[in-house]
Amino acid sequence: MAAGNGAGPAQAAEAAEAAAEPIVVTPDEARYDDMTSGYNKRWIGTPDRIRVIRSTAEAVAAVQEMVDTGKRFSVRSGGGCFENFVYNPEIEVVLDLSTLDEVRYDAQRGAFAVQPGAILLNVYDTLLHEWGVTLPAGLCYSVGMGGHACGGGYGLLSRQFGLVVDHLYAVEVVVVDSAGKARAVVATADPDDPNHDLWWAHTGGGGGNFGVVTTYWFRSPGATGDDPRTLLPQPPSHVLLNIAAIPWSAVDGAGFARLLTNFISWLGDHSAPGAKENALSSLFGLNHVATGVLTLITQVDATVDGAADMLADHLAAIGEGTSDAVRQALAAAPTKATWGQVTRFVSTSNYAAPAVRVKAKSAYLRTNFTAEQAATIHRYLTSTDYSNPGASLIIFPYGGQIATVAPDATAIPQRDSLVKMQYQAWWTNPAEDDQHLAWVRGMYKEVYAATGGVPVPDGTWDGCYINYADADLADPAHNDSGVPWPTFYYKDNYPRLQRIKARWDPRNVFHHALSIAPPTGE
């Protein structure tokens, strides 16, 4: 990954790459297998070839070739997609942006340029070490900025600093017009920019919908001046990290329900914009009993007055009314370390086995679980006819600065939820696919039984997160609500996204199983 302080070297490199021969990987090469799958090994591609994209010019040329030849193609940046949007039997060519991974300060735009192949850990390290700033992005080190940012982008600093897209200043996208001509377009947050709608579409509209993103530029709203050290959030110098392992042997059904509802109740009481407690983020891993423990990972900005007391009060509130053993496991025992050290630890701890197979589903919750829903979750997590240490429901804290942005100011409308959740199972044996899929789908369907097996936005639930893509939402066998899948991800923002799709991708060149559809009749 390269870094620098100006646009000159990047432009020179792009000119040199434009003159170079394209890099094409075919099935007879040793590297092919490594480039035909991403994080989720349920999906293995068999493309005729892979084009390695090193510049915007190469992206334009590759997309033009795909249009001219009618080839079905997909785009990969970090390879973190949970579904088969990149790798499926229909794909003939993959445009691989993984080496388009520069992170630099662009003095001409007064913003940080981040290319789509830059993985989050490298983004964090470069921004921190060169300029002392960061983005409130995700917890998994290997996720590429390409798909992460345009889906919204969330991390443990989001309660303090909002979503990644809340700091998106501009985006460069290779699009295809009605005549079939590919070109690169820069769209900005400036409302007077004639391309402003394309920028808006990339603030939560999801990947693979409008074109190929070749560069994001980030600068916080309201940031002024030309000192890059002031143009993005500055992370805490140090944080308190507390990892609590709650033994399942100490948790019965009533205790589990109390833990779960206590956790969300605390967020309901301490998530108002500007609240001191937004310096705290606590990730609750409701792991299958086969793991042996429930895990609560808490990060607190150690520079905030009373940080240690805030942590202790938070843990005590979660354990209130539970057994002595549970409260003992929740006793605060934090490690103080630099934010960078903790971020590297947490993000790399999420690394999965090389052959991991995954099914993930998501939901936003605005109030709290009912007793019946808590009991359903407990039953699935303690089931004796299913055993998988990789099965869990992960609850991520929301609120705070996230809620200061209007639902239609960006394409991601879920702004006032208390938590974001991921139902998931990891496994490695393909022969076990059916049992793991059945477990995830079964729990999800039963939790939302009252609304057709899915979290219909209704005042309690608020739909789903597009970065945890779930093709089941488009399948009546799994979504019996009668509510179309776009509503779960985009709510009232979907018609605007459709109009933008019609303008910037009128030929529907960019599409997949959950892609935005042009308006009816267009």
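Buried means under 20% relative accessible area, exposed means over 50%, and partly exposed is in between (1.4 Å probe, protein chains only). Keep that in mind for strand 14 (residues 357–365): nine of its nine residues are buried, so strand 14 is largely enclosed by the rest of the structure. Helices (H or I, at least four residues) and strands (E, at least two) are DSSP runs, numbered from the N terminus.

A word on where this comes from: this is a predicted model, where local features need pLDDT of at least 70, side-chain atom pairs count only at pLDDT 80 or more, and totals for chains, interfaces and linings use all residues. Residues are numbered from 1 along each chain as its sequence is written, and side-chain values use heavy atoms, with hydrogens and water left out.

## Strand 14 and its partner

In a regular strand the side chains alternate between the two faces of the sheet. Strand 14 has both faces covered: R357, K359, K361, A363 and L365 are buried on one side, and V358, A360, S362 and Y364 are buried on the other. Its antiparallel partner is strand 16 (residues 419–427), joined to strand 14 by nine bridges. Across from R357 you'll find W427 of strand 16.

Strands of a sheet pair through backbone hydrogen bonds, either parallel or antiparallel. Here, two strands pair if DSSP finds at least two bridges between them.

Contact means heavy atoms within 4.5 Å. Elsewhere in the sheet, strand 7 (residues 168–176) and strand 8 run antiparallel and share seven bridges. V174, for instance, has A184 in strand 8 as its bridge partner.

## Helices side by side

Two packed helices are described by the angle between their axes and the distance between the axes. The axes are lines fitted to C-alpha atoms, for helices over the stretch in contact, and angles run from 0 to 180 degrees between N-to-C directions. Here are two pairs to look at.

| Helix pair | Angle | Axis distance |
|---|---|---|
| Helix 3 (residues 120–131) and helix 10 (residues 339–349) | roughly 175 degrees | within 11 Å |
| Helix 7 (residues 253–269) and helix 8 (residues 307–319) | about 140 degrees | 7 Å |

The angle for helix 3 makes it roughly antiparallel to helix 10. Angles under 35 degrees count as roughly parallel, over 145 as roughly antiparallel, 65 to 115 as roughly perpendicular and the rest as oblique. On the helix 3 side, L121, Y124, D125, L128 and H129 meet W339, G340, T343, R344, S347 and T348 of helix 10. This contact has four nonpolar, five polar and two charged residues. For those classes, Ala, Val, Leu, Ile, Met, Phe, Trp, Tyr, Cys and Pro count as nonpolar, Asp, Glu, Lys and Arg as charged, and the others, Gly among them, as polar.

Now the other pair: the angle of about 140 degrees makes helix 7 oblique to helix 8. Helix 7 brings R258, L259, N262, F263 and W266 to the contact, while helix 8 brings H314, A317, I318 and G319. These residues divide into five nonpolar, three polar and one charged.

## Helix 2

Helix 2 (residues 56–69) has 14 residues and reaches 20 Å from its first C-alpha to its last, close to the 20 Å expected at 1.5 Å a residue. That expected span is 1.5 Å times one less than the number of residues. Its buried residues include T56, A59, V63 and V67.

## Single residues worth a look

Most residues other than glycine have a negative phi, and most peptide bonds are trans. K491 is not a glycine, yet its phi is positive, about 50 degrees. K491 is in the loop between helix 13 (485–490) and helix 14 (494–504), and is partly exposed with a relative accessible area of 25%. N508, also not a glycine, has a positive phi of about 55 degrees. N508 is in the segment after helix 14.

Is P228 buried or exposed? P228 is buried, at 15% relative accessible area, and lies in the loop between strand 9 (212–218) and strand 10 (238–247). Not counting residues up to four places away in sequence, P228 touches Y105, F112, W131 and V133.
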